[in-house]
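Open the structure in your viewer and keep the selection panel at hand. The tour goes from one selection to the next.

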Amino acid sequence: MPDRPHKLSITAIGAISPAGSTWAETWAGLLAGDVRSVAADRVPLAVPAAAPAAMVANLDRTTDQYGRGPAARLLRGAVLQISGALDGHRVLAATNHGDADNQLAFALNGESPCGRIQDVAFPEFGTIWLASACTGGLHLLWLASMEAKDRHGPWLLVAGDALSAIGIAGFQAAGATGPRTPQPFRETSGGMLVAEGAVALELRKDCTGDVPSLLAVSASCDAGHATHPDPSGLWLERCIRNALRDASCKPNDILAIVAHGTGTQLNDTAEARAIAAVFSGEDPVVTSLKGTIGHIMSAAGLLNVAVAAEIWRTGRIPPCVGEGPILSGLKLADGETMVAPAGKILALASGFGGNNVAVVVG
Amino acid sequence: MYAILNDPLELLEPNTLGVEGLPRLRRASAELLSAISEATRLRHARYCGVASAIGEIAVRALAPLARGTGRAMLTAGIDPHQAVAENFGMRLREAGPRRLNPIMFPHTLPSAAAVTLGAQFEAHTCAIALDGRAAVQDALSLAQLLLATNQVTDVLLFVCIAMAGFERPDPSRELSGIGVLLGAQPFAVNCLRVVPDFETSLSGRTQSSSIEEDLRVLTMLANRTKSEPPEANPAIAGGHRFYVNC
């Protein structure tokens, strides 16, 4: 059995997303539930986009003199929102395709060479970079929680991606996107909405006072198909159960779940089964943010944790947009929903290759 | 400590580089890619990056030594996916989105080799790729952390500097990789014990200057097989490294 994690608290949040250029704007946009989809022909990429996407407004997509493209800007922009100077922070970062679109533009057209994001995003301080598809952000959280055993921190976690022609076309080729906006956990949902964004979290150890904390972080992996999750949801179920065990809480202690919920039948069916298996007989409110602002890739998990922290603070749960029959009888957040503040909230993420991470915030 | 596998690797022959025990893929009448595809048992090998293909050979060599069921897969390298991504983008421009092969898409991600090899290794805890100049040291640190906090029983780390694309290998570049297995319990075979300051023991530096250099040092350390008394510290079971010269 894994060692119990040392308590880390979420002391600052930064975010840039299709809903806004700050965390406050993003949170407000998620609560409003306004869908942010943009038609394919309006997405400026190295190769015309193959499907609709959700874009960050007014994002400079050029490559600057330092070799930084839009993804590097998103990461830096999210970090800059963390108040106070970086003071001995241990910096952990994650990305998927990063600035692949600018790199493709250079390869195709010779336009402005774009540097590797690991080299140009944060040259002023050492950074640990990892990649695990859409669980990248939460694996950073997992790493920090393990490091807390022997390190004092603080930690700065940041994950992000910019839109890329490869990503949009790839998801479309894989059958993951659909003609309509996503409707997570609905039987009629036709696919996901590719998006971009970055989220930064500051974590500190042994905080006192009224701050949301990480009670448990658990990881598992289907270790199966390159893209499809285990349809039974077995490994995600185990991951959730381990997180609850490590947080010393029972299923009925969880008031709300900020799920991965991409809007694809493959993910949502497996995830709904896992949630239903663990919370059978209980009724936590389940939401997904991807119907509103789309899937922001490596930062999606950190966004879920940030939202979990706000739910803990305010009791307000963003809506899970959509209509129609609901998978596995989940209780979805229909419109803005309220729960008691300072409760325990579960955040989930899953990624290509079968990685799963579950976080209990309380 | 270099496991030479049997029939699937008939293409291997003693290397001609003068370094004992390092296998080398023979330049056959078939193309290099066909040779690698035949050597690896990886499904859809043609669409994977080189790191995944040669990594599978390393996983096959070391997986039998893993005795626990809590397993993690880590990879460390620079852009083993980059050429696959570039090729995917070029096909997108030339043929349009409807002519893309969906099998290629997951291999455009930096985590592709980690999850591909993780499936082979049955890594049900995690499959993560480490990137950046200090990726090897970061990966070793993460491996030791996973073992020290009882998250896993075995960690398989594959380090690769195969920057060449699978479909467009650069004849002037050398493709190489090494797989090492770290476990919570000592291995039955002769093994190298990882000391607590393993990171600094990598060429005596505290900061890595390049993955290539770390790879050389890691290979050197894996070469030194020692018989250690059973202890709780993680141990490297060994490495599997080979060169592919076009």
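Select helix 6 (residues 165-173) of chain A and helix 3 (residues 82-95) of chain B: their axes come within 10 Å and cross at roughly 75°. The axes are lines fitted to C-alpha atoms over the stretch in contact, with angles running from 0 to 180 degrees between N-to-C directions. Helix 6 of chain A is therefore roughly perpendicular to helix 3 of chain B (65 to 115 degrees counts as such).

Now show the side chains at this contact (heavy atoms within 4.5 Å). Helix 6 of chain A supplies A165(A), I166(A), A169(A) and G170(A), and helix 3 of chain B supplies A85(B), F88(B), G89(B) and L92(B). Six of the contact residues are nonpolar, two are polar and none is charged; Gly counts as polar.

The model is predicted, so local features need pLDDT of at least 70 and side-chain atom pairs pLDDT 80 or more, while totals for chains, interfaces and linings use all residues. Residues are numbered from 1 along each chain, chains are lettered from A and ligands numbered from 1 as written, and side-chain values use heavy atoms, without hydrogens and water.

Next, select strand 4 (residues 126-131) of chain B. Six of its six residues are buried (under 20% relative accessible area, 1.4 Å probe, protein chains only). C126(B), I128(B) and L130(B) point one way, and A127(B), A129(B) and D131(B) the other.

W129(A) stands opposite D131(B).

Note on methods:
Buried means under 20% relative accessible area, exposed over 50%, partly exposed in between (1.4 Å probe, protein chains only). Helices (H or I, at least four residues) and strands (E, at least two) are DSSP runs, numbered from the N terminus. Two strands pair if DSSP finds at least two bridges between them. Angles under 35 degrees count as roughly parallel, over 145 as roughly antiparallel, 65 to 115 as roughly perpendicular and the rest as oblique.
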